[in-house]
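User: I would like to go through this model and ask, term by term, what each description rests on. Please set each value against its definition before you conclude.

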Amino acid sequence: RVPQVLSSAEEVVELYRELSRHPGLSAACLGPDVTTQYGGKYCSLYTEWSQRDLARAENVKFCRQYLIFHDGASVVYSGPAGTCSEIKDELLSRESPSGMLKAVLRKVPGKEKEKEKEKQFLEVWDQNRKVKSIDLTALDKHGSVYDDDQFGCLAWSHSETHLLYVAEKKRPKAESFFQSKASELGTSDEDVGCPEKEDAPLKVRSLTPWGRRGWWGICGADGAVPQGEQFVYHEDWGETLSTRSVPVLCALDIEGSSISVLEGVPEHLSPGQAFWSPGDTGVVFVGWWHEPFRLGLRHCTNRRSALFYVDLTGGRCELLSKDTRAVWSPRLSPDHCRIVYLENDALGPHQQCSQLRMYDWYTKHTSTVLEAVPRQTWGAFPGIYCGALPGLCWAADSRRLVLDTAQRSQQDVFVVDTVTGATTSLTADAPQGSWSVLTIDRDLVVARFSTPSCPPTLKVAVLPEAGREAQVQWVCLQDAPPITGISWSIRTLQPPPEQEHPQYSECPGGPGQALTPPPSSDTPHSASAGGLDFDAILMRPSENRAMAQKPPLVVMPHGGPHSVFTAGWMLYPASLCRMGFAVLLVNYRGSLGFGQDSVASLPGNVGTQDVRDVQFCVERVLQEESLDASRVALVGGSHGGFLACHLLGQFPDTYHAGVVRNPVVNIASMVTTTDIPDWCLTETGLPYAPDALPDPAQWTEMLQKSPMRYVDQVRAPVLLMLGEDDRRVPPKQGLEYYRALKARGIPTRLLWYPGNNHALAGVEAEADGFMNMALWLLKYLRC
């Protein structure tokens, strides 16, 4: 018999090409109900998908529409309407409240021959045609419009007469001190970028370009252009937000085609995630403090921020939430009476178990709907662990809302009663895996579902009336057949007593437990019974394949560290498993979905608790599964790379190859170069203050918890992949490790990806990274 692991580069290329074609489902929007002549109702469902195009080396976005016939209580019939079509150059799109109009923010490439720069257009479409196309670049009221999910928005007013969005504040053109004066050249003010007159705004002024009047003068005052300002440093919001510096709220009057930049936002705040207030009297937004300086915001739900209301009639800005916390993701109820939002502690771990808060627009009262959950208990609500609430999350009764959250190593959908705080799972009786809510409208819920062996599928259901939510019936609109050759399971582990966290070991635990499947949702189970436990997802080649050898094992700890692997579709693990590797995805203590106690247990214990959890899990699975203990490798990125480098040094006899992407290797040297210096101190167990310099003992502590401490003990060959534009874990971290390994004679290879940041998510980099990883593992695991 031949070995079961694919070993030829050509076969691996074809495998990756095949699996990378499976599209991801990113968005869904329900159209208005239409009543047929027979009394039945149907609506259209617009969905957006993305797919890797390896030939073009880019992600392409396409749309597909479906029809859903329903009677208000259940889906009677559903099916696709037509074929897919690619979406070109759309940055944002949003249906109006009535569903009769659609706004689209579109980028238009400049003409090369005329050396034009890329432009942005804001379009309005009705059901038959494009009715407005406004060249935002030509109007020159602001910089580029934000299309990210951190600040970005495209919000219709309730009257459907105005659109709200966020853009970069207009920055005046600057000149050298030695630039010839316009008067000397006979040039008009308009030619040098100083408009003669500002357009009248909405009742709010258009902000004076970029700053207070300085000694150099500004446009509109005395006609002067700032001199010596070309190279002034402008802070940005870090990883993936490097072009975001000073966001401003902008409103388009659709009928008049005029743009206004809203006044009233305090200068120490960066606004985003905005929407129109009830009655269109003003704008509600999240404001992030950016003093004394901006910290990286991507994946950081702990940045000081609050909910604000700016009144358009007077420019008055009102605080709606606490101003000492971190808030995000506000959502207005259909009856325009209540706003729910998520809230965390400011600073501390970047991701936490969040509170769900609710603000009553008319009584001005704020209540807590759901508190953070200290310990996850099967059969009970696990707490909220999500980057954002669905854009539309409210039920038609304006009392309940629908959200998804990690529940240990799964992701499930829950309905929440905002009055009583009661929660009910909508996926408890559905297949195990990863569920995400895309939208809910008129109680039609649209969701995405996947598993480690099944790419994303599209599901729809009618939300039952209050009290009967558990009777929900999911209907599959777009199926994806499972990938053959992959089996998977979720296992639960209890650390041995000597590795228990003393602060969270409320009850004496027994000896380290064997790998066991997690209890079903109706089985009482609490991590507190023996301290904090954790999970692992084990994927392995299906047993029906001809086995000449035991499969080699690839161990993957996740990054974060406060994130989680949920049992959903992941291209790299699925591809490795199809090649013939078993893959172990470890959700060590500190992962999301296991309660806030688990999150809080890790800061101060990185490099020990998380490392021991991964090693304990590996040793158990090698004991209990038919796997080849002589062929074990580590693959990890970011904090997963931190753990991989730790394990390579601390347990050199266990691992025979390593592949790390943008790894943290020296916390002490990272703290001065990263966009998240607070992470370096917080995870080390030290206090963070923006005006405090670590003392020598703290520098030592950061180094002591770093993988560089163990570099002398590494024996396994290491492949490093670094993103040139990584702001989160700057590539100098990987270079530091590369040089240390080279100096010690360890087989080492470094891949450097220009134009890629921390995620290495560019299609070309992702594909090249997989191939190099696969060939590295084949070579050094002797496959």
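**Terms tested on the model**

User: Which residue of β8 does V108 stand opposite?

Analyst: V108 stands opposite K119 in β8. The structure is a predicted model, in which local features need pLDDT of at least 70 and side-chain atom pairs count only at pLDDT 80 or more, while totals for chains, interfaces and linings use all residues. Residues are numbered from 1 along each chain as its sequence is written, and side-chain values use heavy atoms, with hydrogens and water left out.

User: Why are β6 and β9 called edge strands?

Analyst: The open sheet has four strands in the order β6-β7-β8-β9, with antiparallel pairing. β6 (90–95) and β9 (130–135) each have a single partner strand, so one side of each is left without a neighbour in the sheet. From one strand to the next the twist averages 15°, an angle taken between N-to-C directions on a scale from 0 to 180 degrees, with axes fitted as lines to C-alpha atoms (for helices, over the stretch in contact).

User: How do you know that Q120 is buried?

Analyst: Buried means under 20% relative accessible area, exposed over 50%, and partly exposed in between, with a 1.4 Å probe and protein chains only. Q120, which is found in strand β8, has a relative accessible area of 10% and is therefore buried. Leaving aside neighbours within four places in sequence, Q120 is in contact (heavy atoms within 4.5 Å) with residues including L91, L105, I134 and V145. Q120 and V145 are 25 residues apart in sequence, yet 7.7 Å apart in space, C-alpha to C-alpha.

User: What makes D140 and R442 worth noting in their backbone angles?

Analyst: Most residues other than glycine have a negative phi, and most peptide bonds are trans. D140, in the loop between α2 (136–139) and β10 (154–156), has a positive phi of about 60° although it is not a glycine. R442, in the loop between β26 (434–441) and β27 (444–451), likewise has a positive phi, near 55°. D140 has a relative accessible area of 38% and R442 one of 32%; both values lie between 20% and 50%, so both residues count as partly exposed.

User: Why is α4 described as largely enclosed?

Analyst: Nine of the nine residues of α4 are buried, so the helix is largely enclosed by the rest of the structure. Among the buried residues are P573, C577 and R578. α4 is followed by G580, whose phi is positive, near 125°.

User: How do you know how α4 lies against α12?

Analyst: The axes of α4 (residues 571–579) and α12 (residues 763–780) come within 11 Å and cross at roughly 35°. The crossing is right-handed, a label given if the near helix is turned clockwise from the far one, whereas left-handed means anticlockwise, by less than a right angle. The contact is made by residues including L571 and L576 of α4 and F770 and M773 of α12. It has nine nonpolar, two polar and one charged residues, where Ala, Val, Leu, Ile, Met, Phe, Trp, Tyr, Cys and Pro count as nonpolar, Asp, Glu, Lys and Arg as charged, and the others, Gly among them, as polar.

User: What makes β12 an enclosed strand?

Analyst: Six of the seven residues of β12 (residues 247–253) are buried, so the strand is largely enclosed by the rest of the structure. β11 (residues 162–168) pairs with β12 in the antiparallel sense over seven bridges, and β12 pairs with β13 (residues 258–261), also antiparallel, over four bridges.

Conventions: Two strands pair if DSSP finds at least two bridges between them. Helices (H or I, at least four residues) and strands (E, at least two) are DSSP runs, numbered from the N terminus.
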